[in-house]
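Here are my notes on this model, point by point. Please keep the structure open as you read.

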Amino acid sequence: MAIRLKEVALGYGSTIVQQGLSFAIRRGDVFIIMGGSGCGKSTVMRALTGLLAPRQGQVFLQDQSLWEVSEEARTQLLRGVGVMYQSGALWSSMTLEENIALPLEQYTPLSKQQINELAEYKLALVGLAGFGGYYPGQISGGMRKRVGVARAMALDPDILFFDEPSAGLDPLSARRLDDLILELRDSLGTTMVVITHDLDSLFLIGDDAVFLDAETHSMLTTGHPKQLRDHSEIDEVRAFLRRGES
Amino acid sequence: MPTAPLTTDDRAPESAPSIALVNRPDSGIALRLAGRWRLDQHIPRLSDLPGLIDRGSDDGAKAPSQPRQLSFETSALIDWDSALVTYVAGVERLCAERKIDYDPSALPEGLRSLLKMANLTNPPDEAAHDRGPSFLARVGLDIADLVRSTGEIMAFFGEGAIAVRHFLAGRARYRRSELWVIIQESGADALPIVSLVSFLVGMILGYIGDQQLAQFGARIYVADLVGLATVIQMGALITGIVLAGRTGAAFAARIGTMQVNEEIDALRTFGIPPMEFLVLPRMVALILMTPLLTLYADLLGILGGAFVGTVVGGVTLTAYLVQTQAAIGWNHIIQGLISATVYGAIVAASGCLRGMQCGRSAAAVGEATTSAVVTAIVFIVIAAAVLTVIFDAIGLSG
């Protein structure tokens, strides 16, 4: 398993966001985290990417307990993880090419020229070849998002997280991003964890999914998105996946 | 039959990524890819490949001088990621430059798909432009920027004047509770730093004065020197500069961040003028607070001088304070207060102007903050010089 959660509870201060989370993500799967607004999807992602320690339970990344290994081992584990944040979260003082080159400079023995070529290639993959010299402030929100994807892929991580990848993108760009997710999964065997509300996208790319509930602060079910839509016994899940039609 | 391979490095470990050229009988060559082509490995340099093609080898296995076709051989390829994808993309470019037929059919299917995806998404040519304008273009852009900036400054002060008119007429739209918070932040909260700096500057003036006046047996006049310098100019100047670094920078950062988060656009769409809602309370707060802080700074400066005058100069505290009182007139205090009011307005205007002009990125907020402090200090010093001449001309400094 690429990721496994065992009775995990998450929260901030005195607020419990999610509890009793137990699910596993297979290597090479596109795994969807879904649920209504405010149910804690992004909080779960923060826990899986080492940004938030669970209140209870354990998070296993590549079969190692993320919060029980040493700091050094955790850093090493997290090097195999790439994250595309909802806003792109690009470093505004660097050009797009420099944004992608930074992790490559830090963690690979490649030459400057090889790093530049890689950065250009990653930008080309997200449809932004030739934009390497631009700064984040000079491009649109959707383009920033695509650069965020390119940066998340910089080190060819084993696991890639996407927080609302298609939000704010035009339909063609959203579809191209879906294709890219599937292509990376098929070509490199990357495990993809995607937070999304976009039903077209999650039915197209999702191999497995978990549905989180904001009221009970817990997971309601797991399964293949289409099977959940057609056969789930939970009304809320069916309604969510059928746009309100039960 | 393939002939002997021409390799880049025969001593490389087996799993290290390597290339070798294999001649084909049909005047073509095959690039044999071997080992682990991953980002954490030392990848062969693409720039070595043309030399490898041209060089050939001593054993007669020289590659054709102009190979007709380049294909791949991947039986020894153990593992790959983007490192190989970018290398192969470079090989494809090289083939195009040297007019060699490029045959990627033997490459792993996933790699070909990724390459195709990157090629498919190539933008139109005009996207790959504009890495840097020419010198003349930069001069032109700078001039256009100056004209635009001047226009923005004029508009800022124009809108500011309208906001003040609305404020005086009681029609300005701002939150009174926020005005009080800003007054507290820019006034009371600045007392510790103003105290420290003013007291120490008073001491410095006292020391310098005492050293010089002691030569003439006129140490008591340290009180006149410190008192007049502080009340007429130094108190207001120090307060202005401290506020520029503290409060003006905070104004620029706050308003700049609101600009980045589109909060100012949101105000405008609701029909709330940012000039009244954001700038006016800050201007009012600093115009009110700077003179008060200056009076406080004057007092602390005089006490700093008194500390040196009594401890180092041997003058009694009573004599020092009586001498100070005799030296300072109302005209001097008024000069200081007028200066302070002007400096307060400059600090507030600089901070708010740079915040309103801020771009839409985190870096722009940093630039706006720096610019606010520099602008305020430069204009405070200019205003100090101009006011000194004006006060002298109207007989206020006599």
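1. Start with the largest nonpolar core, which has 102 residues. A:Ile33, A:Leu123, A:Phe161, A:Val193, B:Leu84 and B:Val88 touch the most other members. A nonpolar core is a set of buried Ala, Val, Leu, Ile, Met, Phe, Trp, Tyr and Cys residues joined through C-beta atoms within 7 Å. Buried means that 20 or more other C-beta atoms lie within 10 Å of the residue's own, with C-beta atoms placed from the backbone.

2. A second, separate core has 60 residues, including B:Ala163 and B:Val315.

3. This is a predicted model: local features need pLDDT of at least 70, side-chain atom pairs count only at pLDDT 80 or more, and totals for chains, interfaces and linings use all residues. Residues are numbered from 1 along each chain as its sequence is written, and chains are lettered from A and ligands numbered from 1 in the order in which they are written.

4. Now the sheet. Chain A has an open sheet of 6 strands, in the order β6-β7-β8-β3-β9-β10, with mixed pairing. Its edge strands are β6 (81–84) and β10 (218–223). Strands are DSSP runs of E, at least two residues, numbered from the N terminus. β6(A) and β7(A) pair in the parallel sense over 4 bridges; pairing takes at least two DSSP bridges. A:Val81 stands opposite A:Ile159.

5. Over residues 1–11 of chain B, pLDDT stays under 50. Where pLDDT is low, the predicted coordinates should not be read in detail.

6. For the complex, the predictor gives an ipTM of 0.77 and a pTM of 0.69.

How values were computed
pLDDT = per-residue confidence, 0-100. Contact = placed C-beta atoms within 7 Å. Buried ≥ 20, exposed ≤ 12 C-beta atoms within 10 Å, placed from the backbone.
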